[in-house]
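Please read this briefing beside the sequence and the model. It covers a pocket, a surface patch, salt bridges, backbone angles and some contacts between helices.

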Amino acid sequence: VKGFFFCGQEPFVADEYIERLAWRTPGGGSRGGEAFDPKRLLEEFVNHIQELQVMDERIQRKVEKLEQQCQKEAKEFAKKVQELQKSNQVAFQHFQELDEHISYVATKVCHLGDQLEGVNTPRQRAVEAQKLMKYFNEFLDGELKSDVFTNSEKIKEAADIIQKLHLIAQELPFDSLTGFCFYPLSSPGKYHDLECQLIQEFTSAQRRGEISRMREVAAVLLHFKGYSHCVDVYIKQCQEGAFLRNDVFEDAAILCQRVNKQVGEIFSNPETVLAKLIQNIFEVKLQSYVKDQLEEHRKSDAEQYLKNLYDLYTRTTNLSSKLMEFNLGTDKQTFLSKLIKAIFISYLENYIEVEIGYLKSRSAMILQRYYDSKNHQKRSIGTGGIQDLKERLRQRTNLPLGPSIDTHGETFLSQEVVVNLLQETKQAFERCHRLSDPSDLPKNAFRIFSMLVEFLCTEHIDYALETGLAGIPSSDSKNANLYFLDVVHQANTIFHLFDKQFNDHLMPLISSSPKLSECLQKKKDIIEQMEVKLDMGIDTLNCMIGQMKHILAAEQKKTDFKPEDENNVLIQYTNACVKVCGYVRKQVEKIRNSMDGKNVDTVLMELGVRFHRLIYEHLQQYSYSCMGGMLAICDVAEYRKCAKDFKIALVLQLFDTLHALCNLLVVAPDNLKQVCSGEQLANLDKNILHSFVQLRVDYRSARLARHFS
């Protein structure tokens, strides 16, 4: 029957199967043009159902047959598995019996072996004793006939025999009851001769580069007294030709690396041999090299001596760090530290004294050379403390240098000098860090810092400030040059460099010690002392105000504010105003360049207040016509623009008020009261307002006096 589902074909779909069956049946109605015949289609379906039933019965019988066959085979397989399990149990029992039997036999064999060993060991000892007695007789006879003594190739066996006989000879008295003499077995007898022969053989093998032979001979010599001499010979020959270059430290490192690879193949205790080699290098080669380099300059050239000491100590510690990679025993850090200390102890004991002495003389020379280049003879400066300076500031007394002196524009501060001093101190800090004992490091660093303070801050910066203060001209001087601000500017820059070195190089050395507070206090005192002297330099502002007075006195004319022809005024502001504003702007810029931080605002505020007072008092000296009042307002407006450069709110407010006051010079009499009650003038004293109104040329008119009153 076609169209049934078989294994491997597409899945069976009943609808499609019936459709195909109807299509194949004539009259099924599926083919085009054929008449539908339901009876015929029904008959075809009934026949097909019967065929399917027959097929189903046949397949069912086949399935039952296969199930019966499967059940039969399953029973047979289960029976076979049971039989195999029984066989396996029997085999396991046999295996256990065999294992027990093997264990029993092994026990018997071990027991028998122990018995044989117990018998054989005394026998071997007896044989060895017999051989030793034979060799002993040869020594007594004084004639060595055995091949082991005459054949040079059997030196290892001869050494073993000699070593044993030597140990026996050491335990017996020189003249025993038997009357035998053991002198031939003791040094300088055969023992010594053979020992020398072995060392010579080792030496020859080392020169030939025969590592295996060296290892054999070293193993034999290990039990001889001359083993240490063998190690010494090895160390000596290793160094032959190893130090031919100028860099002894690099040569030593290369030698130790080479020996480290080789020594383990030769000696049974390589770490001891390598440590002895390193000790020999330090105590002989390095110590003599260091002594030659340092003793040459120790008394004659402190600078070169300190440089060499720092360089040699640094290179030695670097070599020690490289050697830490090798196996030198349990405490190699202590071992290497002791070697370094033994070399440098005589130089490090008084290092800081040499350092301070050199730094002091070097710093003094740098300063003196600078002042000599300026043809300047240093003057003595005041030595009072901070309280004395504050008292001088309060009283504005004359400075210890006496009356004002002319410095010819010289600040007596040099960047080159500062860089040289800081560089010398930086190198001193580096040497101090490297060469000082950890317990003495903070104390030594503080001493170096004190030297820097003395020569940089006191002898250079402080002296320049004192000289600058003495050079400040009086307030009534004409064409005064205010060089003190240049001194302030350079001193400020230098102190920033000083502070940077303090943080970068000193702080790491003292950060965890009590010396930290001392250094910070010393630095604080220096800053406070300099700030007090800078405050004393406020007299410079008096000079600035004096210069402005001279400009106003020379340039301002009475006719500026009361022109003869009121209708022919062509200027926007007076010439005096232009020059004063130009001068003020230059001074403001100079102050900003000379100072930083809050100091700028403090000085500019003081200058701004004095500048305002000067202009205020200056304007009070003149009478103003209507056009002159307008010109005064223009001048004050220009002064106010100049005040904006100060960037100080109070100063700008003062000039705003002054500008409002100047309006009183031109306002109509009827509007005076209204202007005076304005926002900027309402809080001012009436006398101040009245003083400005009095400056008007028309003040005495009855109308103006009546309106203002």
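How many salt bridges does a search of the whole structure find? The search finds 21, a salt bridge being a side-chain nitrogen of Lys or Arg within 4 Å of a carboxyl oxygen of Asp or Glu. This is a predicted model, in which local features need pLDDT of at least 70 and side-chain atom pairs count only at pLDDT 80 or more, while totals for chains, interfaces and linings use all residues. Residues are numbered from 1 along each chain as its sequence is written, and side-chain values use heavy atoms, with hydrogens and water left out.

**Salt bridges**

- Lys307 forms a salt bridge with Glu303, and their closest N and O atoms are 3.3 Å apart.
- Lys307 and Glu303 are four residues apart in helix α10, so about one helical turn separates them. Helices (H or I, at least four residues) and strands (E, at least two) are DSSP runs, numbered from the N terminus.
- Lys307 is partly exposed at a relative accessible area of 38%, and Glu303 is also partly exposed, at 27%. For these classes, buried means under 20% relative accessible area, exposed means over 50%, and partly exposed lies in between (1.4 Å probe, protein chains only).
- Glu459 pairs with Lys378 in a salt bridge whose closest N and O atoms are 2.8 Å apart.
- Because Glu459 lies in helix α15 and Lys378 in the loop between α12 and α13 (386–395), this pair ties together parts that are 81 residues apart in sequence.
- Glu459 is partly exposed, with 29% relative accessible area, and Lys378 is partly exposed at 25%.
- Asp504 and Lys500 meet through their side chains in a salt bridge of 2.6 Å, N to O.
- Asp504 and Lys500 are four residues apart in helix α16 (residues 484–510), which puts about one helical turn between them.
- Asp504 is partly exposed, its relative accessible area being 39%.

**Largest pocket**

- The largest pocket holds about 620 Å³ of space.
- On a 1 Å grid over the protein atoms alone, a cavity is a set of points where a 1.4 Å probe fits but cannot get out, and a pocket is an open set with protein on both sides within 12 Å along at least five of seven lines; lining residues have an atom within 4 Å of a point. Grid points are joined across faces, edges and corners, and the volume is the space filled by probe spheres set on the points.
- The largest pocket is lined by 26 residues, and those closest to its centre are Tyr313, Leu348, Leu435, Ser436 and Asp437.
- Two or more lining residues come from each of α10 (302–323), α11 (332–348), α12 (351–373), α14 (415–435) and α15 (441–470).
- Helix α11 gives the largest share of the lining, eight residues.
- By type, the lining has 12 nonpolar, eight polar and six charged residues. Here Ala, Val, Leu, Ile, Met, Phe, Trp, Tyr, Cys and Pro count as nonpolar, Asp, Glu, Lys and Arg as charged, and the others, Gly among them, as polar.

**Nonpolar surface patch**

- Tyr104, Val105 and Val109 make a nonpolar surface patch of about 290 Å².
- Patches are made of residues with over 30% relative accessible area and no salt bridge, with like charges joined within 9 Å and nonpolar side chains (Val, Leu, Ile, Met, Phe, Trp, Tyr) within 5 Å. Accessible areas come from the Shrake-Rupley method with a 1.4 Å probe, and for residues only the protein chains shown count as cover.
- Tyr104 is placed in helix α2 (residues 38–141).

**Positive phi angles**

- Most residues other than glycine have a negative phi.
- Asn375 is not a glycine, yet has a positive phi of about 55°. Asn375 sits in the loop between α12 and α13 and is exposed at 73% relative accessibility.
- Lys647, not a glycine either, has a positive phi of about 55°. Lys647 is in the loop between α21 (626–644) and α22 (649–662) and is exposed, with a relative accessible area of 67%.

**Sequence and space separations**

- Tyr227 belongs to helix α7 (residues 227–238) and is buried at 10% relative accessible area.
- Tyr227 and Val217 are 10 residues apart in sequence, with 9.9 Å between their C-alpha atoms.
- Ile688 lies in helix α24 (residues 686–693) and is partly exposed at 28% relative accessibility.
- Ile688 and Leu661 are 27 residues apart in sequence and 8.8 Å apart in space, C-alpha to C-alpha.
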